[in-house]
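Reader: Please take me through one part of this model closely, and then through what surrounds the ligands.

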Amino acid sequence: MLASKLIESLRFKQVIPADYNDFVVSTVTQDTREVIENSIFIAIAGSQIDGHTFVPDALKKGAAMIIAQEKVVSPDIPVVYVENTNRAMAILSNKFYGAPSEAMRMIGVTGTNGKTTVTHIIEKIFREHGEKTGLIGTMYRRIGDKIYPTKNTTPDVITLQRTLSKMVEQGVSSVAMEVSSIALVQGRVWGVDFDIAVFTNLTRDHLDYHKTMENYAHAKSLLFSQLGNEYKHQGDNKVAILNIDDPMGRKLEEDTAAPVLTYGIKDNAMIKASNVVIHSQGTDFDLEVFGEKQHLKVKMVGLFNVYNILAAYAAAYAAGLPSEEIIATLTSFKGVKGRLQLISSSIGISAIVDYSHTPDGLLNALETINDFAQGKVFCVIGCGGDRDHGKRPKMAQIALKYSDYPIFTSDNPRSEEPQAIIDDMLAGLSIQEQSEVQVLTDRHAAIEYAIKRAQPNDIILIAGKGHEDYQIIKGKKNHFDDVEEAEKALKGRGAI
Ligand SMILES: CC(=O)N[C@H]1[C@@H](OP(=O)(O)OP(=O)(O)OC[C@H]2O[C@@H](n3ccc(=O)[nH]c3=O)[C@H](O)[C@@H]2O)O[C@H](CO)[C@@H](O)[C@@H]1O[C@H](C)C(=O)N[C@@H](C)C(=O)N[C@H](CCC(=O)O)C(=O)O
Ligand SMILES: Nc1ncnc2c1ncn2[C@@H]1O[C@H](COP(=O)(O)OP(=O)(O)OP(=O)(O)O)[C@@H](O)[C@H]1O
Ligand SMILES: N[C@H](CCC[C@H](N)C(=O)O)C(=O)O
Ligand SMILES: [Mg+2]
């Protein structure tokens, strides 16, 4: 595509010089490490560094045009000045990659907890329906069966549009995508034409970034306020899917211009679960769709997973898939790696690896385990470094209240001192309560300690890291896998 054609999509701009030599754009990028001959380099004011300082680097590597919002010195190539380079980046990358989201059914899932789980269930439903699917989220980007690594839950807008265009090329028709609050604020999904937007829940997380719960809630609401405002194509069928047991779900009903499909357990939702019975191997409940009831036995455990299942059902229902087909997938779905992942053993001691790294996630995981535990419950828990400090004392209180043996350890301390993070956790407890906690900064030692002390029928929840196969200590990333650690420790006790 010619540069002049591409930048036509930026309505308000100043191009200096106006009479530049046109060229065929090789790529659009915000990162000088990706600049090649004839690239357009977009300078972004980041949280660490100002991308405008990389302009000389971009020139050296062959950039042929710069998009900037601050004055830059570029004697040889044209500079396009815009008000906001983040917005320009969203517009340009969408156009450069041929607006791929418009060619597929896009399902965006937002909320504090459950995004990864819900997107995986949705993906599975559309796959079993016979479609080629795409998945974008915390664990990876997946096109059909091929997995690509990811840095962010919701990628930057260029990586996102590039991924979507690859999906279109490869025949993907439905995409399930996690949309994080941070991505919404940073405009990483501007220009993405969502058909279905799903809200799971809102509880405390990411306050290091958003500062207040109001900002955090506003961020989540952006997915819904962006939905359904333009009914530009005939047959446009936008739907907002909302958990109305969460006050934020009710609020979003007012924010969105799209038709709403509600789900929940407590209130009178359109898609509703009742008579929920949780056991260690699964959950039974009645699914009511507009009043029509049927009994379901699913393999996923826990009340929160009933919410995740309702959300996924609603998304597939909104897309017009037959109910029997959706239910067939829901009842066979075994769950997602690192989400209440059970490691049972021949000695009757079980470990459960779960990605609960928020107060609400931890509370849900422990309440679920307490529902079916026959013996004692151990809880190995730490909190991530360089993240919201406020959640640390809260998670400590929950671990103490809902487990018999809380063991405080490290999650990913990142740049922080491991003991300092644990001290923040302990600060949430009284002196008496602190004496009831075992502290072992080394996560390997903490898991081993819990498994060594456990008796048959006891359950050890290893919380916070789920699918992660690494641990970041003092900025260094080492291999670490909670499931492997649990299996090793169980073997050490004679389990086969
Ligand atoms: C705080 C934050 O959101 N940071 C994101 C942001 O980076 P940044 O603003 O810090 O960028 P920067 O390092 O200051 O660089 C500024 C600019 O200079 C450019 N640059 C930089 C170096 C260089 O040599 N050349 C160059 O051109 C960069 O490409 C960038 O355009 O933009 C980057 C590209 O889009 C993101 O990868 C990065 O996410 C970092 C890795 C991160 O940890 N983000 C977390 C907080 C996050 O986004 N989490 C959410 C939620 C997770 C969940 O709940 O599941 C997520 O969606 O992942
Ligand atoms: N609907 C839910 N409500 C509350 N807690 C949940 C729900 N679903 C999952 N959880 C808990 O939260 C943890 C994370 O789940 P999941 O990975 O699906 O969420 P996520 O929103 O993708 O999280 P992240 O923002 O970290 O990517 C799970 O391990 C579980 O303990
Ligand atoms: N998406 C979340 C994941 C946290 C996982 C936890 N293990 C940690 O490292 O804090 C974040 O980046 O805040
Ligand atoms: Mg996720």
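**Strand pairing and ligand shells**

Author: Strand 19 (residues 377–381) pairs with strand 22 (residues 459–463) in the parallel sense over 4 bridges. Two strands are said to pair if DSSP finds at least two bridges between them; helices (H or I, at least four residues) and strands (E, at least two) are DSSP runs, numbered from the N terminus. V380 has I462 of strand 22 as its bridge partner. An open sheet of 6 strands, with mixed pairing, runs in the order 17-18-22-19-20-21. Its edge strands, strand 17 (341–343) and strand 21 (438–439), each pair on one side only.

This is a predicted model, in which local features need pLDDT of at least 70 and side-chain atom pairs count only at pLDDT 80 or more, while totals for chains, interfaces and linings use all residues. Residues are numbered from 1 along each chain as its sequence is written, and chains are lettered from A and ligands numbered from 1 in the order in which they are written.

The shell around ligand 2 draws at least three residues from each of domain 2 (100–332) and domain 3 (341–492), with bounds from an automatic or database domain assignment. There are 22 residues around ligand 2, and N113, G114, K115, T116 and G361 come nearest; a residue is near a molecule if its C-beta atom, placed from the backbone, lies within 6 Å of it. Helix 4 (115–128), helix 10 (303–318) and helix 12 (359–372) each supply at least two residues of this shell, and helix 12 gives the most, with 4 residues. By class the shell has 4 nonpolar, 13 polar and 5 charged residues. Here Ala, Val, Leu, Ile, Met, Phe, Trp, Tyr, Cys and Pro count as nonpolar, Asp, Glu, Lys and Arg as charged, and the others, Gly among them, as polar.

Ligand 1 lies between domain 1 (3–96) and domain 2 (100–332), because both give residues to its shell. Of the 21 residues around ligand 1, the nearest are G46, Q48, N152, D156 and S180. The shell around ligand 1 divides into 6 nonpolar, 11 polar and 4 charged residues.

Q186 lies in the loop between helix 6 (181–185) and strand 11 (196–199). Q186 is buried, with 21 other C-beta atoms within 10 Å; buried means 20 or more such atoms, exposed 12 or fewer, and partly exposed in between, with C-beta atoms placed from the backbone. T32, in the loop between strand 2 (27–29) and strand 3 (39–42), is buried too, with 20 other C-beta atoms within 10 Å.
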